[in-house]
Amino acid sequence: MTQQTAEIMDEQAVRRALTRIAFEIIEKNHGCRNLLLAGVHTRGVPLAERIAQKLGEVEGFRPPVIALDIGPFRDDLPHQEAPVMPDIPGLAGCTVVIVDDVLYTGRSVRAAIEAVSRMGRAARIQLAVLIDRGHRELPIRPDYVGKNLPTAQNERVQVHLRETDGRDQVTIVKQ
């Protein structure tokens with residue numbers, strides 16, 4: 001079976017999308033003083049770091065970033081014992097922005113919400129994704145989207161980031 005790969009976003013398009021997301025976060029939250037960004041491991045973490053950096057450049061305050069390991073909270077993987085999550089001081093007054101690379105079925109986001117909830121009660125939880133490809137299995141909608149990318153079930157979106165893969169690029173692979 002042959003695979004066809006098409007580039008959807010290059011380095012500049014990824015940078016523009018993250019800048020737009022940062023500005024939308026500022027606008028919706030009237031600044032970034034009460035924000036905490038929670039990057040979903042693996043590629044959500046560097047995306048959250050980049051967004052936090054841009055927020056810091058624009059607002060003069062860089063919100064903290066935490067890494068979320070959502071594996072134990074997934075309902076579509078073999079059951080694992082959920083770890084005891086550390087309490088995050090000040091979480092009660094914060095808006096937590098969960099950051100992930102691709103939104104597909106919504107199961108990763110559901111797990112991320114549960115992980116954040118185990119750390120304390122956030123004032124609000126929002127969602128930022130680089131790519132929204134549709135095909136939800138759960139009623140989850142992102143607050144901030146870098147690019148809407150309607151896909152077929154037999155297509156796979158691959159996000160490559162400088163921090164994890166040596167380059168910034170989003171491709172779609174047709175199988």
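1. The side chains of E163 and R50 form a salt bridge, at 2.6 Å from N to O; the term requires a side-chain nitrogen of Lys or Arg within 4 Å of a carboxyl oxygen of Asp or Glu. The pair links distant parts of the chain, E163 in helix α4 and R50 in helix α2, 113 residues apart. Helices here are DSSP runs of H or I with at least four residues, strands are runs of E with at least two, and both are numbered from the N terminus. R50 is buried at 15% relative accessibility, while E163 is partly exposed at 43%. Buried means under 20% relative accessible area, exposed over 50%, and partly exposed in between, with a 1.4 Å probe and protein chains only.

2. This is a predicted model, in which local features need pLDDT of at least 70 and side-chain atom pairs count only at pLDDT 80 or more, while totals for chains, interfaces and linings use all residues. Residues are numbered from 1 along each chain as its sequence is written, and side-chain values use heavy atoms, with hydrogens and water left out.

3. A salt bridge also joins R43 and D165 (2.8 Å, N to O). R43 lies in the loop between β2 and α2 and D165 in helix α4, 122 residues apart. Both are partly exposed, R43 at 25% and D165 at 27%.

4. Helix α2 covers residues 44-59; its 16 residues should span 22 Å, and its end C-alpha atoms are 22 Å apart, which agrees. The expected span is 1.5 Å times one less than the number of residues. Among its buried residues are V45, L47, I51 and L55. Their cover includes α1, β2, β3, β4, β5 and α4, where contact means heavy atoms within 4.5 Å. G60 follows α2 and has a positive phi, near 80 degrees.

5. Which residue pairs with D75 in a salt bridge? The partner is R107, at 2.8 Å from N to O. D75 is in the loop between β3 and β4, R107 is in helix α3, and 32 residues separate them. R107 is buried at 18%; D75 is partly exposed at 44%. Salt bridges with shared partners join D75, R107, R110, E114, R118 and E137 into one network.

6. After α3 comes G120, with a positive phi near 145 degrees.
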